[in-house]
Amino acid sequence: MLKACALVSSLSTPLLVAGCTSLAPGETAVTPGTSVASWQMPWQLDPIWPQSVAHGETTTRTYVPGTGYVRGTPTALASVGRPLPKGPEPNHTVETCRQTVAGEAAKLGARQVEAASAGRESIDAKGNYVAPVLIRVNYLRGGHYEVREAVMTCIVDRNEKIVDAYAAGSRHRVEIDAGKADG
């Protein structure tokens, strides 16, 4: 089951997702250091830094009433204030993938990580679940929010442990095997 929380600004005004539970001031929605040590979050979900520009990504800043300024890609900003769309059917990878991203994103100051099925799951030759998952990460940076969003391919074993997660369409994939990465 997906856990989603509203963000809280310094003025304790909720951000982004209506109908979610608000965080107390100073509380984070994610726990730092809880992801697989060998996994690295894709740049598409990192805070907006020069590498986003280096990858040709265009971001913009917009004012959201009751929240303040929010920066993100036009696609990510279009969904501000609404829950992520649910995929055609549930899949086994959503929560495990969200938790993996949340562990890394928390190290970079994430306030919220949401996930939703972005398509049908399949089972690979090893018996792992493989599915696309839409991930949205919200950061509080310099007095404004940043919204990052990407579809990831997530691979989860039958015990709901992460095997791999990478940006959909990415040519670089690192498979996680017993906590060690193979390049």
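The model is a predicted one. The chain has 183 residues, of which 47% are buried, and its secondary structure consists of three helices and twelve strands.

**Overall fold**
- Among contacts between residues at least 6 apart in sequence, 59% join residues at least 24 apart.

**Disulfide**
- The structure holds one disulfide, which joins Cys97 to Cys154 with an S to S distance of 1.9 Å.
- This pair links distant parts of the chain, as Cys97 lies in helix H3 (residues 94–107) and Cys154 in strand S9 (residues 144–156), 57 residues apart.
- Both Cys97 and Cys154 are buried.

**Nonpolar cores**
- The largest nonpolar core has 21 residues, and the members that touch the most others are Leu45, Val101, Val113, Ile135, Val137 and Met152.
- Two or more residues of this core come from each of H3, strand S6 (110–117), strand S8 (129–141), S9 and strand S10 (162–167).
- The element that gives the most to this core is H3, with five residues.
- Beyond its neighbours within four places in sequence, Met152 is in contact with residues including Trp39, Pro42, Leu45, Val101, Ile135 and Tyr166.
- Another core, of seven residues, lies apart from the largest one, and Val64, Leu77, Val80 and Val147 are among its members.

Key: Residues numbered from 1 in each chain as written. Predicted model: local features only at pLDDT ≥ 70, side-chain atom pairs only at ≥ 80, totals over all residues. Heavy atoms only, no water. Disulfide = S-S within 2.5 Å. Helix = DSSP H or I, 4+ residues; strand = E, 2+ residues; numbered from the N terminus. Buried < 20%, exposed > 50% of the residue type's maximum accessible area, 1.4 Å probe, protein only. Contact = heavy atoms within 4.5 Å. Core = buried A, V, L, I, M, F, W, Y, C linked by side-chain atoms within 4.5 Å.
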